[in-house]
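Student: Could we examine this structure through a series of questions and answers?

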Amino acid sequence: MPSQTCTRCGYVFEVNASRINHENCESCRARKVQKVNSCLPWHGMFAADLVTPIHDDGTPVIVGNRTCKRLDCVSPAHIEEG
Ligand SMILES: [Zn+2]
Ligand SMILES: [Zn+2]
């Protein structure tokens with residue numbers, strides 16, 4: 001099955017042929033993300049610690065240090081990986 005990288009959060013998801021034009025993963029498509037001070041607050045589910053944004057399958061959205069200090073921010077520009 002072909003895979004696609006979400007243009008919003010970087011999540012790699014599988015697509016079938018009839019849905020191949022989607023640019024965003026299901027989590028991003030299901031919830032309109034509104035920009036706040038250039039941050040991208042996560043509107044999806046959170047991990048057991050209540051602050052780590054996760055996808056519906058439990059995969060962390062982006063792991064790293066949020067330079068903007070917003071724990072729910074999923075803007076790649078605000079996250080230092082590692
Ligand atoms: Zn996404
Ligand atoms: Zn941010």
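Tutor: E26 is placed in helix α1, residues 26-30. The model is predicted, so local features need pLDDT of at least 70 and side-chain atom pairs count only at pLDDT 80 or more, while totals for chains, interfaces and linings use all residues. Residues are numbered from 1 along each chain as its sequence is written, with chains lettered from A and ligands numbered from 1 in the order in which they are written.

Student: In what order do the elements of the chain run from the N terminus on?
Tutor: Helices (H or I, at least four residues) and strands (E, at least two) are DSSP runs, numbered from the N terminus. The chain has 1 helix and 6 strands. Their order is β-β-α-β-β-β-β.

Student: Is E26 buried or partly exposed?
Tutor: A residue is buried with 20 or more other C-beta atoms within 10 Å of its own, exposed with 12 or fewer, and partly exposed in between; C-beta atoms are placed from the backbone. Because E26 has 16 such atoms within 10 Å, E26 is partly exposed.

Student: Leaving aside neighbours within four places in sequence, with which residues is E26 in contact?
Tutor: Contact requires C-beta atoms, placed from the backbone, within 7 Å. Under that exclusion, the partners of E26 are F13 and D56.

Definitions and conventions
Two residues are in contact if their C-beta atoms, placed from the backbone, lie within 7 Å.
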